[in-house]
Amino acid sequence: MTHWIILPVVLPAILAPFIVLAARYHVGIQRVFSIAGVIAQIVLAASLAWQTSDGTVLLYQLGDWAAPFGIVVVGDRLSTMMVLLTAILGLFVLLYSIGSGWDTRGRHFHALFQFQLMGIMGAFLTGDLFNLFVFFEVLLIASYGLMIHAGGNARLRAGVQYVLFNLMGSTLFLFALGAIYAETGTLNMADLAQRLSSVDPAETVGIRLAAVLLLMVFAVKAALLPLHFWLPSSYAEAPAPVAALFAIMTKVGAYAIIRVYTMIFAPGVAVTAGLHDVWLLPAALASLALGMIGVLAARSLDRLVAFSVIGSMGMVMVTISLFTPESIAAALYYIIHSTLAAASLFLITDLVAHGRGDLRLTAQPFFAGGRRTAGLFFVAAIAMAGLPPLSGFIGKLLILDAAFDQDSMRWIWAIVLSASLISVVGFARAGSTVFWKARSVDPEPDAETFPAPDALSYVAVGGLIALLVAHTVFAGPAYRYATATAEQLFNPTAYITTVLETPGKLSDAKAKDKEEDH
Amino acid sequence: MEFLVASAIGILTAAGTYMVMRLRTFPVILGMSLLTYAVNVFLFASGRLTVSAPPILTDAEVYTDPLPQALVLTAIVISFGMTAVVVMIALGSYLGADDDHVNDPVIDPDAPDGEAKP
């Protein structure tokens, strides 16, 4: 049994209190520890991803108690891939928040950031539904703090909406967990997957209810129509680095849906037939369409990016809702792309806000650093809208290909393609208004000018864009990895046996008892 | 007893849902706390209702499931903390904007500084 796999959760859990208690008044020390922590996370995550890349499932039993009674942390290809993605995103977001000085505009940015990472990592690694709830709460309570970082009335109001919406999501989550426990007597995912087959087909009301409630909770996280209302104002009002980090939070919802609905309520399980396999696809298609129409209709750049996040989550969910190995592989490829593209767009939005002071889509005089910002926006918008040559295009191609032999192919192709067209128009309009028309407007003589953003900010955004390019260039290996991950998800036997049959403390005694009983 | 517990959960949930859909923050927060009470009792009941039995495996024939009790404890702590956080943020928002409506104010996008319309 390896102890390494718990470290992505433990490391930020130790760093964050240290930053609060010891480095409270020294932002320099906070920055050093925060960056060092995230770099250590990347190294850890990369080594975990490397260990699981051959299909092994890593297991850590807390207190050496065997599942399903003990708490387990499980790492397979999917979890470690998401952990690595989070750590890399965390580094660039942190660099940006230091470069732009966002971390000094309020207290405890770095501590909250570490707690946020802890919650996200935990949610990806846990092998137990109740701990998924606990880690959701950890990442949410840190995100509440980050969301209202630096204060301001609009931000606080958006914060209230965000907190209330997510609290309702958590309450629903608990109702779902209660129903699952009442029906099956376990909350361990591997154990649930096994026990679900022995549920009496005549009495499935409770378990069907729980499956739908869980899907609703994850759909709130993934901002799926009609549960997306919290997203536009929270993401638009949140500080830019925080919004960029939140790009992974919607993917936590997508991850939870992939995990729970391929392993526990798998496509072939009879008790939940006719639920999510019927209406997840229409909801996903509607949120894809709504997101991209929102991109076209937005009147400010931050809302535009927020709606493009809804749209790209819709795209991810359309692919997931087909529940075939090809579609999950395409969804995984697109999830990485969409996280990086959304994060870089949020950061670029902040570069624009830094130069102009506001984000309304009107022609305003050119601002310092505008040329570089315009170039970055151009690349990131191409990626987000899914135009060639960047990874958005490859991801969309994979999605269309995965949907090709499905009954719903006509709908998926029609909506994906027209939504892309709408988003291209939306991004082109926004980009030309903000950057191009700026040439034709003369600055007012007494207008205040802002200095160009810090070079470190550009390094952070440029790094994210470079990752997008790398994701395009190495699309072959990335897709092969995603395919292997999807295959592992659809053959969960290794996962289940590793979790349930690894002996822990007192397992020998129990086995002996059993032998004596016979 | 089943009827009592079930109807308590039902009434708490109904009242909570109604309050959550109000327009101002304070009733919404009250509704959220009602909903969390409801879910706590619900979780407690998910291990089946047993009276005067120890929550531990002993030699006794009758025992009650200890796991839901642990789950409820966790859920209570978390919901308590979350309610405190939302009260603080809502208070900050109310004191700052002098308005405790949950919805966004209608903003005139063409106004130069994005001020709220009356």
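Q: Two residues are in contact if their C-beta atoms, placed from the backbone, lie within 7 Å. What kind of model is this, and how are residues numbered?

A: This is a predicted model, in which local features need pLDDT of at least 70 and side-chain atom pairs count only at pLDDT 80 or more, while totals for chains, interfaces and linings use all residues. Residues are numbered from 1 along each chain as its sequence is written, and chains are lettered from A and ligands numbered from 1 in the order in which they are written.

Q: Thanks! What does the secondary structure of chain A come to?

A: Chain A has 20 helices and two strands.

Q: How does the radius of gyration of chain A sit with the globule rule?

A: The radius is 23 Å, close to the 24 Å that the rule gives for 518 residues, so chain A is as compact as a globular protein of that length. The radius is taken over C-alpha atoms, and the rule is 2.2 Å times the number of residues to the power 0.38. Along the principal axes, the C-alpha atoms fill a box of roughly 95 × 60 × 40 Å.

Q: And how much of chain A is buried?

A: Buried residues make up 59% of its 518 residues. Buried stands for 20 or more other C-beta atoms within 10 Å of a residue's own, exposed for 12 or fewer, and partly exposed for in between, with C-beta atoms placed from the backbone.

Q: Now chain B. What pattern does it follow along the sequence?

A: Chain B reads α-α-α, with three helices and zero strands. Of its 118 residues, 25% are buried.

Q: How many residues does each chain put into the contact?

A: Chain A gives 25 residues and chain B gives 28. On the chain A side, α5 (129–147) and α6 (153–184) each supply at least two residues, and α6(A) gives the most, with 16.

Q: What classes are those chain A residues?

A: There are 15 nonpolar, six polar and four charged residues on that side. Ala, Val, Leu, Ile, Met, Phe, Trp, Tyr, Cys and Pro count as nonpolar, Asp, Glu, Lys and Arg as charged, and the others, Gly among them, as polar.

Q: How do the axes of α5(A) and α6(A) cross?

A: They come within 11 Å and cross at roughly 175 degrees. The axes are lines fitted to C-alpha atoms, for helices over the stretch in contact, and angles run from 0 to 180 degrees between N-to-C directions. The two helices are therefore roughly antiparallel, a label for angles over 145 degrees, whereas under 35 is roughly parallel, 65 to 115 roughly perpendicular and the rest oblique. Their contact divides into 13 nonpolar, three polar and one charged residues.

Q: What about α12(A) and α13(A), at what angle do they pack?

A: α12(A) and α13 (residues 325–356) of chain A pack at about 175 degrees, with axes 9 Å apart. Among the residues that meet are Val305(A) and Met315(A) of α12(A), and Tyr334(A) and Phe346(A) of α13(A). By class, that contact has 15 nonpolar, six polar and one charged residues.

Q: Where is Phe323(A) found?

A: Phe323(A) is in the loop between α12 and α13 of chain A. Its phi is near 50 degrees, a positive value in a residue other than glycine. Most residues other than glycine have a negative phi, and most peptide bonds are trans. Phe323(A) is buried, with 21 other C-beta atoms within 10 Å.

Q: And Arg48(B), exposed or buried?

A: Arg48(B) counts as exposed, with 11 C-beta neighbours inside 10 Å. Arg48(B) is in the loop between α2 and α3 (66–97) of chain B, and its phi is near 70 degrees.

Q: Which residues does a cis peptide bond join?

A: One joins Leu225(A) and Pro226(A), with omega about 0 degrees. Pro226(A) is in the loop between α8 and α9 (231–237) of chain A. Another joins Pro388(A) and Pro389(A), with omega about 10 degrees. Pro389(A) is in the loop between α14 (370–385) and α15 (391–402) of chain A.

Q: Last one: leaving aside neighbours within four places in sequence, what is Ala38(B) in contact with?

A: On that count, Ala38(B) touches Ile9(B), Leu12(B), Thr13(B) and Gly16(B). Ala38(B) lies in helix α2 (residues 25–45) of chain B and is buried, with 23 other C-beta atoms within 10 Å.

Conventions. Helices (H or I, at least four residues) and strands (E, at least two) are DSSP runs, numbered from the N terminus.
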